Amino acid sequence: MGSIISVHSFRGGTGKSNTTANLGCTLAILGYRVAIVDTDIQSPGIHVLFGLESEDTEHALNDYLWGRCKITDVAREVSHLITAHGQQAKGAIYLIPSSLKTSEITRVLREGYDVGLLNDGFQQLLQGLNLDFLLIDTHPGLNEETLLSITISDALVLILRPDRQDFQGTAVTVDVARQLDVPKMVMVVNKVPSAFNQDSLKQQVETTYGVPVAGILPVCEEMFQLGSSDIFCLRYPEHPYSLVIRSIVQHLLD
């Protein structure tokens, strides 16, 4: 049975979806079978990074949650993006997107959904797609869905920026994760300006939370220019950002 990795941030705007997509593609390049689930149903977005539009997908996670299809019917293989960039996809990567339709999002906000179905769906994906890793792109903050994801995860990747609000909010998530006995937890500090001393920042974060820092991702102009139109590590495989992504993956594999 494969491993479940939740990628979470206490606040929005931390680059969580970008980080998740890059981690997933890097694992696939290394030969692993990976799926990414967008459980940020209220504000989905990771599908954009993989070049998918709402009309490109016959089913979305919402359809599974409301009994319209099996969750494996939602999975879209996107391994072709790796080979399109001239890299070899030794493994495979699948995306389980949430719906971008206004009616579907408003229904979630109005009616909610059975969060327990998510756990069943995750297990069906692990078995049905023969996955090594299932990455969960969570909704920011703490809610019922996030708590479920954290509870069933083999590893939790917490993303924060070097920002006081992020530091305070992340402390809450760390406490919750400890109470839920998550087997492995790592921190990733994102959008770090070049003026920062990375060694000092790493020591500060690790001392504050008692959690290892798996990587410090720099602010880079190329990321802004890309504008979520592609997977960064595929477009710029030797960029310092991509090298840090690889080190984070290695940390998780270790």
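Q: Hi! Which residues count, and at what pLDDT, in this predicted model?
A: Local features need pLDDT of at least 70 and side-chain atom pairs 80 or more, while totals for chains, interfaces and linings use all residues. Numbering starts from 1 along each chain as its sequence is written, and side-chain values use heavy atoms, without hydrogens and water.

Q: Great. Is strand 7 buried or exposed?
A: Strand 7 covers residues 185–192, and seven of its eight residues are buried, so the rest of the structure largely encloses it. Buried means under 20% relative accessible area, exposed over 50%, and partly exposed in between, with a 1.4 Å probe and protein chains only. Strands are DSSP E runs of at least two residues, and helices are H or I runs of at least four, numbered from the N terminus.

Q: In which sense do strand 6 and strand 7 pair?
A: Parallel, over five bridges, with strand 6 at residues 155–160. Pairing takes at least two DSSP bridges. V157 sits opposite V186 of strand 7.

Q: And what about strand 8?
A: Strand 8 (residues 213–218) runs parallel to strand 7, joined by four bridges. There, P218 is the bridge partner of V192.

Q: Switching topic: which residues make the nonpolar surface patch?
A: L142, L147, V172 and L180, giving about 260 Å². Patch residues have over 30% relative accessible area and no salt bridge; like charges are joined within 9 Å, and nonpolar side chains (Val, Leu, Ile, Met, Phe, Trp, Tyr) within 5 Å. Areas come from the Shrake-Rupley method with a 1.4 Å probe, and for residues only the protein chains shown count as cover. A salt bridge puts a side-chain nitrogen of Lys or Arg within 4 Å of a carboxyl oxygen of Asp or Glu.
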